[in-house]
Amino acid sequence: MLNGVYQNAAAMTGLESWNNSIAQNISQSSTPGYKKAVLSFEGVEAGKVGLKNDFGNILQHATIQTKGVGAVDFSTGSIVTTNADFDFALEGKGFFELRAPDGQLVYTRDGQFKLNDDGELVSKQGFHVMDDTRNTIKLRRGLGEFSAANDGTISQGGAPLAKLSVRDIQHPDQMIRSHGGFVIGPNDAGYNRDIDEPLIRHGALEQSNVSATTEMINLINVSRAFQVNQKVIQQHDEVLGKAIQSLGGH
């Protein structure tokens, strides 16, 4: 009986993690380039419990606990034309490369950029957008109109100024979600390389790959599963309480 209670309690913990992933997806569903958080469940051994059989012998039984395993769905979102000067969308693989104020390189599919007060191209978080030599991209006042080619080459007044850094991450599933995008783990430093011929749409944005409708359905399923497990635990408690009362009466 106790084993069943533990399993249901563990299941409720997993459902809570799933609920948090769904809430995160819904809150970020309108963020350009956002990649959906997904959660899968697996059974892991959680120790053993001793049960007495009809002959009075104690038998050890393994208990299984449900464990949620988080991951990221890197499938491409739809691309929408915005005609904004500093909006970029990647078609195919790759990530824009940014540099945070602390020097950390950050990788994102969110190409909604802007100019800071110094005329530098930055993300909405204020991270510098890198060129293909990992330097900042700075526009010069009075040098003419800004434009960008499909390979990421940025020009001003018709003269090439820089080329956007687009990196191919060999193992994106090993990246760590961070503020403003993803970072490469400490053991994966050599897993990214520059894409020589990226395909970039200027004046467009890749949308989130989250389906708000699907996430709402998942939220309903989680709520129902949580209620079922909660009811099972309550029933176990009631049975245990009756057993204690019965034994106490003898």
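Student: Which residues are linked with K35 in a network of salt bridges?

Tutor: The network joins K35 with R109 and E206. Please keep in mind that this is a predicted model, in which local features need pLDDT of at least 70 and side-chain atom pairs count only at pLDDT 80 or more, while totals for chains, interfaces and linings use all residues. Residues are numbered from 1 along each chain as its sequence is written, and side-chain values use heavy atoms, with hydrogens and water left out.

Student: How do you know whether E206 and K35 are buried or exposed?

Tutor: Their relative accessible area decides, since buried means under 20%, exposed over 50%, and partly exposed in between (1.4 Å probe, protein chains only). E206 has 1% and therefore counts as buried, and K35, at 2%, is buried as well.

Student: How do you know that K93 and D168 form a salt bridge, and where in the chain do they lie?

Tutor: The N to O distance between their side chains is 3.6 Å, which is the basis for the salt bridge. The pair links distant parts of the chain, with K93 in the loop between β4 (88–91) and β5 (95–99) and D168 in strand β13 (residues 166–169), 75 residues apart. K93 is called exposed because its relative accessibility is 56%, whereas D168, at 13%, is called buried.

Student: Why is R134 called partly exposed, and what is its salt-bridge partner?

Tutor: R134 has a relative accessibility of 32%, so it counts as partly exposed. Its partner is E97, with the closest N and O atoms 2.9 Å apart. R134 lies in the loop between β9 (128–129) and β10 (146–148) and E97 in strand β5, 37 residues apart. E97 has a relative accessible area of 0% and is therefore buried.

Student: What makes β11 and β12 a pair of strands?

Tutor: Two strands pair if DSSP finds at least two bridges between them, and 4 bridges join β11 (residues 153–156) to β12 (residues 159–163), which run antiparallel. Among the partners in β12, A159 faces Q156 across a bridge, and K163 is the bridge partner of T153. The hairpin has 2 residues between the strands, and G157 takes a positive phi near 65 degrees there.

Student: Why are β10 and β12 called edge strands?

Tutor: The open sheet of 3 strands has the order β10-β11-β12, with antiparallel pairing. β10 and β12 each pair on one side only, which is what the name records. Neighbouring strands here are turned by 30 degrees against each other on average, direction ignored, where axes are lines fitted to C-alpha atoms, for helices over the stretch in contact, and angles run from 0 to 180 degrees between N-to-C directions.

Student: How many residues line the largest pocket, and what makes a residue part of a lining?

Tutor: The largest pocket is lined by 23 residues, of which T31, Y34, S178, G180 and G181 lie nearest its centre. On a 1 Å grid over the protein atoms alone, a pocket is an open set of points where a 1.4 Å probe fits, with protein on both sides within 12 Å along at least five of seven lines, and lining residues have an atom within 4 Å of a point. Strands β6 (105–108), β14 (176–178) and β15 (181–183) each supply at least two residues of this lining.

Technical notes. Salt bridge = Lys/Arg side-chain N within 4 Å of Asp/Glu carboxyl O.
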